[in-house]
Amino acid sequence: MTDTTRIAVLVGSLRADSLNRKLAELLRDEAPAGVELDIVEGLGELPFYNEDLDAASAPAAAVALRERVSGADRVLAVTPEYNGTMPAVLNNAIDWLSRPYGAGALVGKPFGVVGATPTPYGGKWAHADTVRSAGIAGAVVVEEVTVSQSAIEVDPTTDADVRAKLVAAVTTLAEFAPAVSAA
Ligand SMILES: Cc1cc2nc3c(=O)[nH]c(=O)nc-3n(C[C@H](O)[C@H](O)[C@H](O)COP(=O)(O)O)c2cc1C
């Protein structure tokens with residue numbers, strides 16, 4: 001029995017020098033006590049979602065993704081914005097996590113999103129689309145987690161206020177308690 005809250009982290013950028021990847025690593029390294037962030041690797045190895053591939057033996061990368069997310073208590077996406085929405089790599093991961101329909105790895109998981117882009121809006125369209133998509137896939141969206149951070153005037157990796165805001169977002173996600181419906 002452990003009281004550690006495990007958060008699976010999906011990073012929406014594959015770029016080696018990705019700002020959002022760095023933020024995910026910072027959040028992992030600065031996780032509040034009792035919270036563990038597990039950055040899920042291999043999103044770039046996922047084939048594009050295809051129901052023909054999602055058969056008795058799904059691709060190994062998809063099986064691994066589903067296992068990592070199933071084993072977590074929460075899911076956090078850390079993502080930039082591409083062309084006004086989430087990058088395809090993240091969208092594809094959510095598609096794989098959305099099946100089997102009604103029983104995918106996201107079903108019932110508290111889900112939040114944060115990220116930064118070098119625009120005034122900080123990727124807010126991507127973040128709105130990410131939580132909408134995750135919610136349709138069955139996740140329990142925790143809207144209060146969302147941080148869409150502009151990286152124009154600050155370096156989010158070093159700015160103390162931004163870092164504190166992002167750590168607070170992780171705490172909010174970790175402490176989220178789903179409402180218990182009355183019988
Ligand atoms: C194909 C592409 C589309 C982009 N579209 C947007 C956009 O719509 N909104 C935005 O804020 N930034 C956009 N950007 C800029 C990215 O937010 C920026 O490059 C960011 O640093 C990428 O995140 P990363 O550093 O984690 O890789 C785009 C970048 C690329 C490569």
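**Strands, ligand shell and loops**

Author: Let me begin with a strand pair: Thr5 stands opposite Val35 in strand S2. Please keep in mind that this is a predicted model, in which local features need pLDDT of at least 70 and side-chain atom pairs count only at pLDDT 80 or more, while totals for chains, interfaces and linings use all residues. Residues are numbered from 1 along each chain as its sequence is written.

Reader: How many bridges join S1 to S2, and how do the two run?

Author: Five bridges join S1 to S2 (residues 35-39), and the two run parallel; strands count as paired if DSSP finds at least two bridges between them. Helices (H or I, at least four residues) and strands (E, at least two) are DSSP runs, numbered from the N terminus. From S1 the chain passes through helix H1 (residues 19-29) to reach S2, a β-α-β crossover that is right-handed, meaning that, with the strands pointing away from the viewer, the path from the first strand over the helix to the second runs clockwise.

Reader: Which strand is joined to S1 by another five bridges?

Author: That is S3 (residues 74-78), which runs parallel to S1, and within this pair Val9 stands opposite Leu76.

Reader: Is S1 mostly covered or open?

Author: S1 (residues 5-11) is mostly covered, with six of its seven residues buried. A residue is called buried if 20 or more other C-beta atoms lie within 10 Å of its own, exposed if 12 or fewer, and partly exposed in between, with C-beta atoms placed from the backbone.

Reader: Which residues have the most contacts inside the largest nonpolar core?

Author: Ile7 and Val75 do, in a core of 47 residues; such a core is a set of buried Ala, Val, Leu, Ile, Met, Phe, Trp, Tyr and Cys residues joined through C-beta atoms within 7 Å. The largest share of this core, six residues, comes from helix H5. Not counting residues up to four places away in sequence, Ile7 touches a list of residues that includes Val35, Leu37, Val75, Leu76, Val170 and Leu173, where contact requires C-beta atoms, placed from the backbone, within 7 Å.

Reader: And what do the buried residues of H1 pack against?

Author: They pack against S1, S2, S3, strand S4 (110-117) and H5 (160-175), and the buried residues in question are Leu19, Asn20, Arg21, Leu23, Ala24 and Leu27.

Reader: Switching to the ligand, which residues come nearest?

Author: Of the 16 residues around the ligand, Ser13, Ser18, Asn20, Pro80 and Thr117 come nearest, a residue being near if its C-beta atom, placed from the backbone, lies within 6 Å. H1 supplies the largest share of that shell, three residues. By type the shell divides into five nonpolar, eight polar and three charged residues; Ala, Val, Leu, Ile, Met, Phe, Trp, Tyr, Cys and Pro count as nonpolar, Asp, Glu, Lys and Arg as charged, and the others, Gly among them, as polar.

Reader: Back to strands: how many residues of S4 are buried?

Author: Eight of its eight residues are buried, and both faces are covered, with Pro110, Gly112, Val114 and Ala116 on one side and Phe111, Val113, Gly115 and Thr117 on the other. Four bridges join S3 to S4 in parallel, and Ala77 stands opposite Val113. Here the chain crosses from S3 through helix H3 (residues 88-97) to S4, again as a β-α-β crossover that is right-handed.

Reader: Which strand pairs with S4 over four bridges besides that?

Author: S6 (residues 147-150) does, in the parallel sense, and Thr117 stands opposite Ser150 there. S4 also pairs in the parallel sense with S5 (residues 140-141), over two bridges.

Reader: Which residues does a cis peptide bond join?

Author: It joins Arg99 and Pro100, with omega about 5°, and Pro100 is in the loop between H3 and S4. Most residues other than glycine have a negative phi, and most peptide bonds are trans.

Reader: Last one: why is Gly42 partly exposed?

Author: Gly42 counts as partly exposed because it has 13 other C-beta atoms within 10 Å. Gly42 lies in the loop between S2 and helix H2 (60-70) and, leaving aside neighbours within four places in sequence, is in contact with Ala61, Ala64 and Leu65.

Terms used
Contact = placed C-beta atoms within 7 Å.
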